[in-house]
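Please look at the structure shown below before reading on. The paragraphs that follow lead through its helix contacts and then its aromatic rings.

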Amino acid sequence: MKSLVSNQVRIFLAIVDAGSITKAADALDMGKSGVSDALKQLETSLGTQLLIRTTRRQSLTAMGQKFYRRCREMKDRSNAALEEVSEHLAEPMGALRITGPHAMVECTIAPALSDLVARYPRIEPELIVDDQRLNLIKRNIDLAFSIGELPDSEFKAQRIGVAKDILCASPEFCKKHGLEPEKGLLPDMINTLPYVAHHWETTEAVHHLAPLGGGKPLVFNFRKVATVNSVNAVQALIKDGTGIGILPHFLLRNRLGTGEFVVLLPQFEPRATGIYAIHPFGIVPPLSVRAMIDFMKQKLSEVA
């Protein structure tokens, strides 16, 4: 194991513990002269004698006793610190503060977090669910997951997946407005319908969607009837028939088969948006952060 104490101090402690320079040299696998020279250099740099040496015995001076006690404490603490670091390098552990939007919790973040804790029970995670991008430094956050392009930042960002925006409505809404998505819907039909917008969408909710198999993208200019700051609220309003709206594919994956929602434009490619993992640790994040990112990648691949 590495030592945080200087070589001269390490040799001084070995001399005292062994009881002689000769025995210390054997314990350190050094030459006797090298051990003796190191002690002399230490005493010279301190400006005081630490050991009284005779042909038969050695003893600490009063200052040597104080210095030895402090150095022994320093070495023990440094060894404990190094052991803690070694443990963290061997297995993820300790507190892990994570944040992410509501849209990702149920299908990706929560399952990934469950797998993480099962695999590494010494990790102590804390999940902060918020659709706003929180300040990682002020909130002492280790890892954030975010959907959508990111602003320039000093933090490390890694693209770990893709969210596909699905335009959908409730079956009751489709019946009320005479919509038959399986027969194809044109922009003129869609643009007149009430649209539930996310807070991040601009004043005019405009989407460019390309037909499946290629072709020129068509422009859809949605008529906003409500704007909310939570994907759960978007989902609830769509389900209640307030309007149409977009939801991420992994949130709809288990709901389409139940008849809760209907895909409005199945003949168009869903709009893809990057999913990112962001952390403030630079090139080499802690093992717990790396492990959580790996589990998130796995979950996102499963719902792709």
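**Helix packing and aromatic rings**

Helix α2 (residues 21-28) packs against α3 at an angle of about 110°, and their axes are 8 Å apart. The model is a predicted one, in which local features need pLDDT of at least 70 and side-chain atom pairs count only at pLDDT 80 or more, while totals for chains, interfaces and linings use all residues. Residues are numbered from 1 along each chain as its sequence is written, and side-chain values use heavy atoms, with hydrogens and water left out.

Helices (H or I, at least four residues) and strands (E, at least two) are DSSP runs, numbered from the N terminus. Axes are lines fitted to C-alpha atoms, for helices over the stretch in contact, and angles run from 0 to 180 degrees between N-to-C directions. The helices α2 and α3 are therefore roughly perpendicular to each other (angles of 65 to 115 degrees). The contact (heavy atoms within 4.5 Å) involves Ile 21, Thr 22, Ala 24, Ala 25 and Leu 28 of α2, together with Lys 32, Val 35, Ser 36 and Leu 39 of α3. By class, it has six nonpolar, two polar and one charged residues. Here Ala, Val, Leu, Ile, Met, Phe, Trp, Tyr, Cys and Pro count as nonpolar, Asp, Glu, Lys and Arg as charged, and the others, Gly among them, as polar.

Helix α3 (residues 32-46) also meets helix α1 (residues 7-18): their axes come within 9 Å and cross at roughly 115°. That makes α1 roughly perpendicular to α3. From α1, the residues Gln 8, Ile 11, Phe 12 and Ile 15 take part, and they meet Val 35, Ala 38, Leu 39, Gln 41, Leu 42 and Ser 45 in α3. This contact of α1 with α3 has seven nonpolar, three polar and no charged residues.

The aromatic rings come next. Five aromatic pairs are present in the structure; rings of Phe, Tyr and Trp (its six-membered ring) pair if their centres lie within 6.5 Å, and planes under 30 degrees apart count as stacked, over 60 as edge-to-face and the rest as tilted. Phe 220 and Phe 222 are stacked, at 6.3 Å centre to centre with 20° between the planes. Phe 220 and Phe 268 form an edge-to-face pair, at 5.5 Å centre to centre with 90° between the planes. Phe 220 lies in strand β9 (residues 218-228) and Phe 268 in the loop between β11 (262-263) and β12 (271-279), so this pair ties together parts that are 48 residues apart in sequence. Both Phe 220 and Phe 268 are buried (under 20% relative accessible area, with a 1.4 Å probe and protein chains only). Ring pairs link Tyr 195, Phe 220, Phe 222 and Phe 268 into a cluster.

Notes
Buried < 20%, exposed > 50% of the residue type's maximum accessible area, 1.4 Å probe, protein only. Parallel < 35°, antiparallel > 145°, perpendicular 65-115°, else oblique.
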